[in-house]
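Let's take a walk through this fold, sheets to start with and then the packing around them. Have the viewer open as you read.

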Amino acid sequence: MGTGDEVVEIESLERSLLPESVTGDQESEAVDEPVLYAASFGEMEEEFVKYQTAQWVLYSLVLVLAWGIGLFMLLYIPVRRYILRKDIRSRKLYLTPNSIVYKVTRPVPIPCFGVLKKEKHVLLPSVADVVIEQGYLQSLFGVYSLRIENVGLRRPPSDDLQIQGMVNPSAFRKAVLTRLSNMRTEVFSRQVSAIEDAPNSKILSPSAWRSPRKLDVVPPSGDLALLQKLEEVGSSVKRVQSLIEEQHGQASETAA
């Protein structure tokens, strides 16, 4: 890779390209909602850059053996490290009462052509879980990956928000899960209060259950005509039955 003097020269070149660091108050941007928790990335800058550089070198060596393209990737390392530093210094991750806000501004692969800005809002009701991962290479540098999984089976895994290089991701995960629990408790409390505040007129009293009243239901015109015909048929059947019973009674008296 190079001698120690070359590494020092690369780091000094990166720091000369990067602007002077500012305080946390100047870095923070206005958020529409109050911030419940703000994640930090600055303390993990060196470890994150080293991890990404090691990963880049491994890919480069593989490509050198395969097609020789990895040689250009090795020459690109100083620019790559500059982009990584700009990336992690611009990251902002907030937890608000209703969503998770992630903002980042990173240079394009050729920094002289500008920057890419990304801002993503994840609504808390759509969060299924917050997963913390650490691979073998990440464990060597103490870097963690945090993935916010979305609710629903139709969404692809690439739609999940994935962030690396966060300081103390367990605290952020705990803050998100605590807020989700509080939101569910608030929803349940509102439902219970709505049931308790329902008007008593909508609830039948015990006397109404013991002596229910007959409801006046007005059937449609066609059904009304059918009911009238059925009543007429029923009355006719009753008259015929009564005549048969009279005749049967007279026949029995005659036989006696």
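What follows goes from the sheets to the helices and on to the nonpolar core.

A word on the ground rules: this is a predicted model, where local features need pLDDT of at least 70, side-chain atom pairs count only at pLDDT 80 or more, and totals for chains, interfaces and linings use all residues. Residues are numbered from 1 along each chain as its sequence is written, and side-chain values use heavy atoms, with hydrogens and water left out.

Begin with the open sheet of four strands, ordered S1-S2-S3-S4 with antiparallel pairing. Helices (H or I, at least four residues) and strands (E, at least two) are DSSP runs, numbered from the N terminus, and two strands pair if DSSP finds at least two bridges between them. Strand S1 (37-38) and strand S4 (115-123) sit at the edges with a single partner strand each, so one side of each has no neighbour in the sheet. Inside, S2 and S3 run antiparallel and are joined by four bridges, and Tyr94 stands opposite Val101 in S3.

The other open sheet has three strands in the order S5-S6-S7, again antiparallel. Its edges are S5 and S7. Four bridges join S6 to S7, and Arg147 has Gln162 in S7 as its bridge partner.

Now for the helices. H7 lies across S1, S2 and S3, at about 30° to S2, and H7 also lies across S5 and S6, at about 165° to S5. Axes here are lines fitted to C-alpha atoms, for helices over the stretch in contact, and angles run from 0 to 180 degrees between N-to-C directions. Contact means heavy atoms within 4.5 Å.

How do helix H3 (residues 45-66) and helix H5 (residues 77-90) pack, and at what angle? Their axes are 10 Å apart, at an angle of about 140°. Among the residues making the contact are Phe48, Val49 and Trp56 of H3, along with Ile77, Leu84 and Ile88 of H5.

Finally, look for the largest nonpolar core, which has 24 residues. Such a core is a set of buried Ala, Val, Leu, Ile, Met, Phe, Trp, Tyr and Cys residues joined through side-chain atoms within 4.5 Å, buried being under 20% relative accessible area with a 1.4 Å probe, protein chains only. H7 gives the largest share, four residues. Leu93 is among the residues with the most contacts inside the core; leaving aside neighbours within four places in sequence, Leu93 touches residues including Tyr37, Phe41, Ile100, Ile163 and Phe172.

Definitions and conventions:
Buried means under 20% relative accessible area, exposed over 50%, partly exposed in between (1.4 Å probe, protein chains only).
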